Amino acid sequence: MAHSKIFFGLCFSMLLLGLVRAQLSTNFYATTCPKALSTIRTAVLKAVVKEHRMGASLLRLHFHDCFVNGCDASVLLDDTSSFTGEKTAGPNANSLRGYDVIDTIKSQLESICPGVVSCADILAVAARDSVVALSGPSWTVQLGRRDSTTASLSAANSDLPSPLMDLSDLITSFSNKGFTAKEMVALSGSHTIGQARCLMFRNRVYNETSLDSTLATSLKSNCPDTGSDDSLSSLDATTPVTFDNSYFKNLVNNKGLLHSDQQLFSGGTTDSQVKTYSINYATFYADFASAMVKMGSISPLTGSDGQIRTNCAKVN
């Protein structure tokens, strides 16, 4: 009996101290909005069938949300008189897209269960469903995130890894968010889909010797040494709209589009991991899925923190 009193006393003390926090769960909307996941999945599939690239864009939205003050949908907020949002940050401006798809999903969910499903959870589920739609792995998305009431331009500019980074900086950038170098390599595999702007790989094409010469010649036709900054090329030239392990095969053959991509296979500590993934797609899939679950759990707002935004672009 004494032990029970001590246990409950400790639990009560922890509650008072705010140390017991609501946790994310797999069945968060089971009773409050049972059609939430199927609604998101249907909308994502429709959007990806209409434009395959949208799958990569929705995956990237979730990543750019979570790396800036946690997975709280802050990336979706428009600027207001009290804060400058993240949409115009260097890594996001003229680059992030898919906001309209998220808005469509949110509108559909508001019509069937108003004020229940957060924008942050929509981003997390849409990322998973996008990968699945492009033949990639699935994972169980933890749910119960709530939405932020503010955003941070400065954090977006400082916390998101750059495509110009060397390996050591990439490892540090991901380590700052709690990821190992192995998890960083796995998450980088998201570049097996999507496209990048000429501005982001021009220097690699014209000045780096570690790029396959045939690919370099091909890229130059679409990315001149001046101008055409927004001209797009596939991150994975082999299978650009299929989520597979071709990205890693490309790296082994010096066909990484971005400087940061090829840094993963450049005589450094991550070479062996890249080789493993290039040979065994199942290992990559498993590691990617695990890393995505971990990423989706970065500093979520839960319980009574934050809010459930009615419109993802603005605070209630």
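Reader: Which residues line the largest cavity?

Author: A caution before the list: this is a predicted model. The largest cavity is lined by His-62, Ala-124, Trp-139, Thr-140, Val-141, Gln-142, Arg-145, Met-292, Val-293 and Gly-296.

Reader: What is its volume?

Author: The largest cavity comes to about 60 Å³.

Reader: And how many cavities of 30 Å³ or more does the structure hold?

Author: One cavity reaches that cut-off of 30 Å³ or more.

Reader: How does the lining of the largest cavity divide into nonpolar, polar and charged?

Author: Five residues of that lining are nonpolar, four are polar and one is charged.

Reader: Where does the largest share come from?

Author: From H3, which gives seven residues to the lining of the largest pocket.

Reader: And by class, how does the lining of the largest pocket divide?

Author: There are 23 nonpolar residues, twelve polar and six charged.

Reader: Now the second largest pocket. How much space is in there, and which residues line it?

Author: Its space is about 270 Å³. The lining runs through Ala-43, Lys-46, Ala-47, Lys-50, Glu-51, Met-54, Asp-100, Val-101, Thr-104, Ile-105 and Gln-108. Helix H2 (36-50) and helix H4 (99-112) are the elements that give two or more residues to this lining.

Reader: What is Ser-260 in contact with, leaving aside neighbours within four places in sequence?

Author: Ser-162, Pro-163, Met-165 and Leu-170.

Reader: Change of topic. How many disulfides does a search of the whole structure find?

Author: Four. With bonded cysteines counted along the chain, the pattern is 1-4, 2-3, 5-8, 6-7.

Reader: What does Cys-66 pair with?

Author: Cys-66 is joined to Cys-71, with an S to S distance of 2.0 Å. The torsion about their S-S bond is about 120°, so this disulfide is right-handed.

Reader: Are those two cysteines buried or exposed?

Author: Buried. Cys-66 has 0% relative accessibility, and Cys-71 has 0% as well.

Reader: Which cysteine does Cys-119 join, and what is the S to S distance?

Author: Cys-119 joins Cys-312, S to S 2.1 Å. The link of Cys-119 and Cys-312 is left-handed, with -95° about the S-S bond. Cys-119 lies in helix H5 (residues 119-133) and Cys-312 in the segment after H14, so the pair ties together parts 193 residues apart in sequence.

Reader: How accessible are Cys-119 and Cys-312?

Author: Cys-119 is buried at a relative accessible area of 0%. Cys-312 counts as buried too, at 1% relative accessibility.

Reader: And how far apart are the sulfur atoms of Cys-198 and Cys-223?

Author: They are 1.9 Å apart, and the two residues form a disulfide. The torsion about the S-S bond of Cys-198 and Cys-223 is about 70°, so the disulfide is right-handed.

Reader: Where do Cys-198 and Cys-223 sit in the chain?

Author: Cys-198 is in helix H9 (residues 198-207). Cys-223 is in the loop between helix H10 (213-220) and strand S2 (232-234). The pair links distant parts of the chain, 25 residues apart.

Reader: Buried or exposed, those two?

Author: Cys-198 and Cys-223 are both buried.

Technical notes. Residues are numbered from 1 along each chain as its sequence is written. This is a predicted model: local features need pLDDT of at least 70, side-chain atom pairs count only at pLDDT 80 or more; totals for chains, interfaces and linings use all residues. Side-chain values use heavy atoms; hydrogens and water are left out. On a 1 Å grid over the protein atoms alone, a cavity is a set of points where a 1.4 Å probe fits but cannot get out, and a pocket is an open set with protein on both sides within 12 Å along at least five of seven lines; lining residues have an atom within 4 Å of a point. Grid points are joined across faces, edges and corners, and a volume is the space filled by probe spheres set on the points. Ala, Val, Leu, Ile, Met, Phe, Trp, Tyr, Cys and Pro count as nonpolar, Asp, Glu, Lys and Arg as charged, and the others, Gly among them, as polar. Contact means heavy atoms within 4.5 Å. Helices (H or I, at least four residues) and strands (E, at least two) are DSSP runs, numbered from the N terminus. A disulfide is a pair of cysteine sulfur atoms within 2.5 Å. Buried means under 20% relative accessible area, exposed over 50%, partly exposed in between (1.4 Å probe, protein chains only).
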